[in-house]
Amino acid sequence: SLLLAAGLCVVGTTGLFTVGSAAQAADIGNRNIRFGYGLNEDSVQGRATAFFAEEVKKLSGGKMKVSGFGASTLGSDMQMQTALVGGVQEMMVGSTATLVGTVKEFGVFDFPFLFNNEKEADAVLDGPFGTKLLNKLEDKGLVALVYWENGFRNLTNKRRPVEKVEDLSGIKLRVMQNQVALEVFKSLGTNAVPMPFSELFSALETGVVDGQENPVATIQSSKFYEVQPYLTLTKHVYSPWVVMASKKWWDKLTNDEKDVIRKAAIASRDFERKDNRAGSEASMEALKKAGMKINAVSDAELDRMRAKVQPVIDHFSKEYGEELTKELMAEIKKARG
Ligand code: TK8
């Protein structure tokens, strides 16, 4: 209402009323915001970061400037988190999987076959459960704003098409730096190797690992098709991303500036999910064109994979506290209606 009053005042005196003049009247200063991400600039992360930057510019009347840094140029997810906590970088987006060192409960999102579809994921992430986990980061120096999606992960490798569990045996598979992911892929028989995403392309290229798993849009934007002949559509887990700000930096912002960031973040979430979902079909086509051999896995085989990973889920459910897992399952049930 203060913002509105200031805007009206501008109308009264000059007859000019634009979003920009309202923003100028609000308590907004010049701010430079470095926003880091892991994927290439030509990716859903790159496009959503550009969208976010544009929203922040609009809402702040050009005073707040977001600069995107893709391809891990500001460091891996974990290095960027440290920079945010230290106050030497303002913002980032990264995988929930890499947040487990800070808030271990984020590991629940690495439970295989948790969500059946994006609708369930959106409801749980944007609802009380997802919000509760985001809020846990604040004590640790990170202000988490919204979830973006990486999406349902699929498997690529250079050894063979994976049609049944046994085909995974002995494949040297890069996994995210996360205990759940590590144990899941060990239980499936792979030789699982944790590694930051920033090192993955070169590890695939030089043969340090045989394979990896990520959603199709990420497989395409990271050009993994250049070094991975086989793509298996497992959709074994849904990976969220979290958009975060440095708390040290955030605490210095005015309420109007915080408002700009919050509003732009919500708009970027809606944009990013739409973009990712619309692009997935095209990514599949592009991967086919690039020569990848793509196969699906039968429901019976997916059930066998489910059974193999269940002990890992049980183990980590206990570790995080049965209460938390119960709450999560109740939210999923609610989303299923
Ligand atoms: C990109 C990462 C990546 C993730 C991974 O920033 O490490 O495999 O799935 O896509 O967040």
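Helix α3 (residues 44-59) and α11 cross in a right-handed sense; a crossing is left-handed if the near helix is turned anticlockwise from the far one by less than a right angle, and right-handed if clockwise. Helices (H or I, at least four residues) and strands (E, at least two) are DSSP runs, numbered from the N terminus. The model is predicted, so local features need pLDDT of at least 70 and side-chain atom pairs count only at pLDDT 80 or more, while totals for chains, interfaces and linings use all residues. Residues are numbered from 1 along each chain as its sequence is written, and side-chain values use heavy atoms, with hydrogens and water left out.

Axes are lines fitted to C-alpha atoms, for helices over the stretch in contact, and angles run from 0 to 180 degrees between N-to-C directions.

| Helix pair | Angle | Axis separation |
|---|---|---|
| α3 and α11 | about 150° | 8 Å |
| α5 and α11 | about 160° | 13 Å |

On the α3 side, the residues in contact (heavy atoms within 4.5 Å) are V44, R47, A48, F51, F52, E55, V56 and L59. Those of α11 include V260, I261, A264, S268, F271 and D275. S268 lies in helix α11 (residues 255-289). At 1% relative accessibility, S268 is buried, where buried means under 20% relative accessible area, exposed over 50% and partly exposed in between (1.4 Å probe, protein chains only). Leaving aside residues up to four places away in sequence, S268 touches A48, F51, F52 and W148.

The crossing of α5 and α11 is right-handed. Here the contact joins E118, D122, L125 and D126 of α5 to R269, R273 and R277 of α11.

Aromatic pairs form another group of contacts. Rings of Phe, Tyr and Trp (its six-membered ring) pair if their centres lie within 6.5 Å; planes under 30 degrees apart count as stacked, over 60 as edge-to-face and the rest as tilted. Twelve such pairs are found in a search of the whole structure. One of them is edge-to-face, between F109 and F129, at 6.2 Å centre to centre and with 90° between the planes. Because F109 lies in the loop between β3 (91-95) and α5 (118-126) and F129 in helix α6 (residues 128-136), this pair ties together parts 20 residues apart in sequence. F316 and Y320 form a tilted pair, 6.1 Å centre to centre with 35° between the planes. F316 and Y320 both sit in helix α12 (residues 299-320), four residues apart, about one turn of the helix, and both are buried. Ring pairs also link F106, F109, F129 and Y147 into a cluster.

Two charged side chains sit over aromatic rings, a placement that requires NZ of Lys or CZ of Arg within 6 Å of the ring centre and within 35 degrees of the ring normal. The charged end of K235 is over the ring of F152, 5.1 Å from its centre. For R306, the ring is that of F113, and the distance to its centre is 4.6 Å.

S72 belongs to the loop between β2 (64-69) and α4 (77-86). With a relative accessible area of 14%, S72 is buried.
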